[in-house]
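Subject: Handover of a structure

Dear colleague,

Please find below the structure that I am handing over to you, followed by an account of what was found in it.

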Amino acid sequence: MILNGEGEKMAIIQNGNQFHLQTKNTSYILGIYQDKYPVHFYWGERLEPDISLEYQAESVSVDRASCFARQLVEGKWVFEPDLKKEFSAVGKGDYRIPTVHARYADGSTVSDLSYEGFRITEGKKELEGLPSLYVFEGDRAQTLELFLKDPDTGLKAALSYTVLEDYDVITRSIRYVNDGPSDPQSASMSGEGGSDIHLLSAMSMTVDLPAAPMQYIQFPGDWARERSVECCDVKHGIASVSSSRGYSSHCNNPFLILKEPSTTEKQGQAYGLALVYSGNFAIQIEKAPVGTIRVAAGLDSFDLDWTLKPGESFQTPETVLAYSAQGMNRLSQIYHRVYRDRLMDQRYLHASRPIVINKYEGTGSDFTEQQLIDIIRVGGEVGAEMFVLDSGWYGRYGNGNSCGDWYVNEEKLPHGLKYLAEEAKACGMQMGLWFEPEMMTVKSDLYREHPDWCLHVKGRESAPIYGRVVLDLSRPEVCEYIIGSVGRQIEEVGLTYIKWDCNRYFTETADQMQAHKYMLGFYHVLKTLTTKYPGVLFEGCSGGGGRFDAGMLRYMPQTWTSDMTKPEERLCIQHGTSYGYPVVSMASHIGQIEVGKNARNPYLEFSALVAMGGNFGLEMDLSLLSETEKAQVKGYVETYKRLRHIICQGDFYRLESPFDGPYTTWEYVSRDRSEAVLL
Ligand code: DGJ
């Protein structure tokens, strides 16, 4: 066993040019080849800490194409396409997806970054401006940084690896730095003492896995059909899972599983890769001619051209890597645990999430104050804990036409929001409110005052979708407006829950840089609000589950999983979501169904059981329930209250899949293994 000076076991073991990253059950080993390239040795089941691996580059069979790409490194021929790298640039014979693609002042895009040194530190730093996993003092966590530099261009990269030993995960990200001046001629022309570097692609990580048959599982979807499960063979060429819609989106998810073809839920090797990012992303898989598999993850590079002035740096989003030798279910459990304990806010670690009654599916934006009071009273009777007022309470029109104008519509709610909050309190509930803070409608007062606050191309009119344009969160004054509008209602009404919706994708972004700057502004808004109002639970939403990702979970520990609440469809959506995200993060409510029956309602029962499979709530007009149905709902609420500590905090097992047959079976086992729930 390798110990540090204090006799403690170490998570990162350095042995000459080899770095062995060890979690409780896995090993990830890399080295420095020829003192120049960080190369990948191994990722899999835990190996002996002091194992020493020989790099096998030259023994891999060489295809014709690689012969044209060999280079002499210190007296040895290196075949670039054979090197299993941890980092790769453009223009020196590696034709696979690069980790970085940069353009320099002379127009060239050739980079050659070489290893300069390393540093191992205790713990983990949170990323600047971006969400990331965190650790506490006392956690067994260590960080390795590898420093690379291209002496000809001044581009530097700091590759960061953190081992969260007890959680079985390793995080990776890269910080790129323009360490100019590099080109004295253009430096003197610009008069700024150095040249700009343009990042055309700047991934968070790449890794090369050995040549072997592999499959990947992606989670494609659409509105009301989020995160289905699709298994594909890794074939020669490049497969890409990405979003360029502004958000992670309904259509693709920034989470992917790689597995051996024989791997099932219960057995076999599976590798997970998740991005802690909510904007445009790409996860790409490339099978090289020699069969090795490169996986790259980070920002979507379509149209990227990020300018790094001399001395400036660029931080990429974090990726969370996990490995399971016991199938995909175990892999999911690894993500569930680390997200609950070291991504979501600690305040929610053991606290029960409130059972919400949201009337949106019942009445839409169309309601009267009296209808809300009726729903609140029945909500109290059946034992709900949080009354949430969805869209329709705000602005001049009192509906979706008023996005941006976050003041109460007094025609609809003559006694104001506080009155509803008091009524809810009298019925044993707290009060939550819906916002769509990133949008304004073209009919809003806000648009009249600040038409230029939206994403638009200068001199051209921006086209609304659903009457909405997207506010440009790369502008600090827009972020301040949002913080002020949401914060004011929290304070005035005494809200303890916000449903944060977002109902259209980006169009008319100036460029990809604006899309990433938007995300930086967005995370600033979320961090500010969640820090300032620690008593408020934020739930993410984007036309249902259009932004369900680890970046959101850092600030909003639950997401409205989908606008689809039909239980037979929801089974698939929740099942698919569970691969990458914990059960407690999936808001799942009994939706509006045909009610008013005097006999026991079997469809209500089915809806309730599916909703109980996640973070349970009610999404209906409760005032329409018959007395029998009311008693039914009350029973489900009571049952869930008894079980939620197991469902939300326990380990989750996918026993039967709705994608494979007629039955879906889910099991939840408490962490101390003393209790279980089978659905
Ligand atoms: C989309 C959300 O997913 C719904 O739950 C609801 O909040 C509507 N938006 C309101 O416009």
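H40 is a buried residue, because its relative accessible area is 2%, and the limit for buried is under 20%. This histidine belongs to strand 4, which covers residues 37-45. The side chain of H40 makes a polar contact with the side chain of E86, at 2.7 Å. Please bear in mind throughout that the model is a predicted one.

Which residues are around the ligand? They are Y360, D390, S391, W434, K499, D501, N503, C541, G543, G544, W560 and D563. Sorted by class, this shell consists of four nonpolar, four polar and four charged residues.

In D390, a side-chain N or O atom is 2.7 Å from an oxygen atom of the ligand. K499 likewise has a polar side-chain atom 2.7 Å from a ligand oxygen atom. On its own the ligand has 290 Å² of accessible area, and the protein covers 91% of it. The space that the ligand takes up is the largest pocket.

Finally, two residues stand out by their backbone angles. Most residues other than glycine have a negative phi. A224 is not a glycine, yet its phi is positive, at about 65°. D303 also has a positive phi without being a glycine, with a value near 70°.

Where do A224 and D303 lie? A224 is in the loop that runs between strand 13 (215-218) and strand 14 (230-233). D303 is in the loop between strand 19 (293-299) and strand 20 (306-308).

Is each of them buried, partly exposed or exposed? A224 counts as buried, because its relative accessibility is 9% and the limit for buried is under 20%. D303 has a relative accessible area of 46% and is therefore partly exposed, since this class lies between the limit for buried, under 20%, and the limit for exposed, over 50%.

Yours sincerely,
A colleague

Technical notes: Residues numbered from 1 in each chain as written. Predicted model: local features only at pLDDT ≥ 70, side-chain atom pairs only at ≥ 80, totals over all residues. Heavy atoms only, no water. Near = heavy atom within 4 Å. Polar contact = N/O pair within 3.5 Å; in protein donor to acceptor, adjacent residues only side chain to side chain. Areas by Shrake-Rupley, 256 points an atom, 1.4 Å probe, with all protein chains shown as cover. 1 Å grid on protein atoms, 1.4 Å probe; cavity = no way out; pocket = protein on both sides within 12 Å on 5 of 7 lines; lining within 4 Å. Sits in = over half its atoms within 2 Å of the grid points. Nonpolar A, V, L, I, M, F, W, Y, C, P; charged D, E, K, R; others polar. Helix = DSSP H or I, 4+ residues; strand = E, 2+ residues; numbered from the N terminus. Buried < 20%, exposed > 50% of the residue type's maximum accessible area, 1.4 Å probe, protein only.
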